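I opened this entry to record what I looked up, residue by residue and then helix by helix. The structure comes first, and my notes follow it.

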Amino acid sequence: MALANIKDRVDDAFGKIIDTARDLISIPSRNPPGEERRCAEYIYSNLKERYEHLYNVVLLHKPFEHRPQVVMYPKDGIDRVRVVLNGHIDTVPEGDYNAWHTDPFSATIKDGYLYGRGSVDMKSSLAVMMHIVDILQEHEASKSIALMFAVGEERAEGGTYAILEYMKGLGLKAKYGLVLEPTALKICYAQQGALWLRVKVKGKATHASLPEHGINAIEHAARAVDALSKYADSLRVRAYEECIPRCSVTMLRGGIKENVIPDECELVIDRRLGIKENHEHVRKEVEELLNSLRLDYKLDIMARRDSVLIDKNSHIVEQLYDACKELGIDTCYSCFPASTDNEYLVKEGIESIVWGAGSLENAHAIDEHISIKELKYETYALALMLARLYSMNLSL
Ligand SMILES: [Zn+2]
């Protein structure tokens, strides 16, 4: 398919994409509490009505019975699928409603931007996914892609993992994947992992008028905070592309009364992993640091997400880069600093990247908004990349 053709098709479909994005934004799907159901049902009905002749459209009641996900794959064989497109239905809550300049669920368009909770992260891209088959029309790519609309991404609840298990059971062998999270159209073939640690620093309680008879857990925890901050500075040398390993103390809790020397202080550490760091090594590093301060403490892992890295020479990376360049899109290779469900796709051996319109800074913010022009360029490049990837003579 020639570039000019693709641009015409996108131009024709783009009004519908914006309408769909506005519909999706107007159906709240906040997580917490995990209210994706109505939005999932909208996606399901819409896809089923338009694509039932070509595709199986499924409401998947896993991993949560009352929070269905949506999956679409070719009727005549899931083994034809070369590329899977992934997005999540849930959004973070709107936060302080009164701080918004427009209703977060009214999907207002102003000065070339679409406003609303989920406009960037990531309902506008879900709308692009929902129309991509129409745009590709008779091209092979239009008959053999798979779409995943996952729940529970914002709280790492494994929606995409459950979809992959389901599709593997049906015989999915996709080689490439794309998670359409907002990267400002930078091609992220790597993604930072994270480790969350809880440290309980122990002390000894006593009357505050005689502090020398006790051990002040808050003062000891303060030494740890100080040391962790210096440790964070030392991590910069491990940066990879834009992914800098980070270490921040994000919660601190201690003390029971104004006149009691506290016997416990709890701190929570958010540690963003470098691309080549692993959890075990990082946990040991933090333990060694705390040991060097001679603290009495207990450390627990609260949660973790792995870093992701795929081959920069993968066809999907190359084709997307070329498509962007051809369209005059200002892009580059990059590393995504936050966790996404791409972790699950890459773990399945799928060469999968994160790429999409809109910036991450805007994602969970008040007055979240996306540039409509940038979304159109996302659609152009996505369609061109898919057409090219399916035209290549590759063995699956
Ligand atoms: Zn997201």
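I began with Arg-117, which I found in the loop between β5 (113-115) and α3. The model I am reading is a predicted one, and I keep that in mind for every value below.

Is Arg-117 buried or exposed? I looked up its surroundings and noted 26 C-beta neighbours inside 10 Å; because the cut-off for a buried residue is 20 or more, Arg-117 counts as buried. Setting aside residues up to four places away in sequence, I listed the residues that Arg-117 touches as Ile-25, Thr-91, Glu-94, Pro-104, Phe-105 and Glu-368. I also looked up the separation of Arg-117 from Glu-165, and the two lie 48 residues apart in sequence, with 30 Å between their C-alpha atoms.

Next I turned to Val-83, whose place is in strand β3 (residues 83-88). Val-83 has 21 other C-beta atoms within 10 Å and is buried. How far apart in space are Val-83 and Ser-352? I noted 8.9 Å from C-alpha to C-alpha, for a pair that is 269 residues apart in sequence. Leaving out neighbours within four places in sequence, I recorded contacts of Val-83 with Ile-145, Ala-174, Tyr-176, Gly-177, Leu-178, Leu-386 and Leu-389.

**Helix packing**

On the α3 side, the residues I listed are Ser-124, Ser-125, Val-128, Ile-132, Ile-135 and Leu-136, and they meet Leu-375, Glu-378, Thr-379, Leu-382, Ala-383, Leu-386 and Ala-387 in α10. Sorted by class, the contact of α3 with α10 comes to nine nonpolar, three polar and one charged residues.

Which helix has an axis that comes within 9 Å of that of α10? I found helix α1 (residues 3-26), which crosses α10 at roughly 130°. With that angle α1 is oblique to α10, and the crossing of α1 and α10 is right-handed. From α1, the contact is made by Leu-3, Ile-6, Lys-7, Val-10, Phe-14, Ile-17 and Ile-18, and from α10 by Ile-372, Lys-376, Thr-379, Tyr-380, Ala-383, Leu-384 and Ala-387. By class I recorded eleven nonpolar, one polar and two charged residues in the contact of α1 with α10.

Reading the two lists together, I noted that Thr-379, Ala-383 and Ala-387 of α10 are among the residues that meet α3, and that they also take part in the contact with α1. Leu-386, which I had recorded as a contact of Val-83, is one of the α10 residues that meet α3.

**Backbone geometry**

I went on to the peptide bonds, and the one from Asn-31 to Pro-32 is cis, with omega near 0°. Pro-32 is found in the loop between α1 and α2 (37-51). The bond from Pro-32 to Pro-33 is also cis, with omega near 10°, and Pro-33 lies in the loop between α1 and α2.

Which phi value did I find for Leu-185? It is positive, about 65°, although Leu-185 is not a glycine. I placed Leu-185 in the loop between β7 (176-179) and β8 (187-191), where it is buried, with 22 other C-beta atoms within 10 Å.

I noted a positive phi for Asp-367 as well, near 60°, again in a residue other than glycine. Asp-367 is found in the loop between β17 (351-354) and β18 (369-371). Asp-367 has 15 other C-beta atoms within 10 Å and is partly exposed.

**The whole chain**

Along the principal axes, I noted that the C-alpha atoms fill a box of roughly 80 × 45 × 40 Å. Of the 396 residues, 46% count as buried. Finally, among contacts between residues at least 6 apart in sequence, 79% join residues at least 24 apart.

Technical notes
Residues are numbered from 1 along each chain as its sequence is written. This is a predicted model: local features need pLDDT of at least 70, side-chain atom pairs count only at pLDDT 80 or more; totals for chains, interfaces and linings use all residues. A residue is buried if 20 or more other C-beta atoms lie within 10 Å of its own, exposed if 12 or fewer, and partly exposed in between; C-beta atoms are placed from the backbone. Two residues are in contact if their C-beta atoms, placed from the backbone, lie within 7 Å. Helices (H or I, at least four residues) and strands (E, at least two) are DSSP runs, numbered from the N terminus. Ala, Val, Leu, Ile, Met, Phe, Trp, Tyr, Cys and Pro count as nonpolar, Asp, Glu, Lys and Arg as charged, and the others, Gly among them, as polar. Axes are lines fitted to C-alpha atoms, for helices over the stretch in contact, and angles run from 0 to 180 degrees between N-to-C directions. Angles under 35 degrees count as roughly parallel, over 145 as roughly antiparallel, 65 to 115 as roughly perpendicular and the rest as oblique. A crossing is left-handed if the near helix is turned anticlockwise from the far one by less than a right angle, and right-handed if clockwise.
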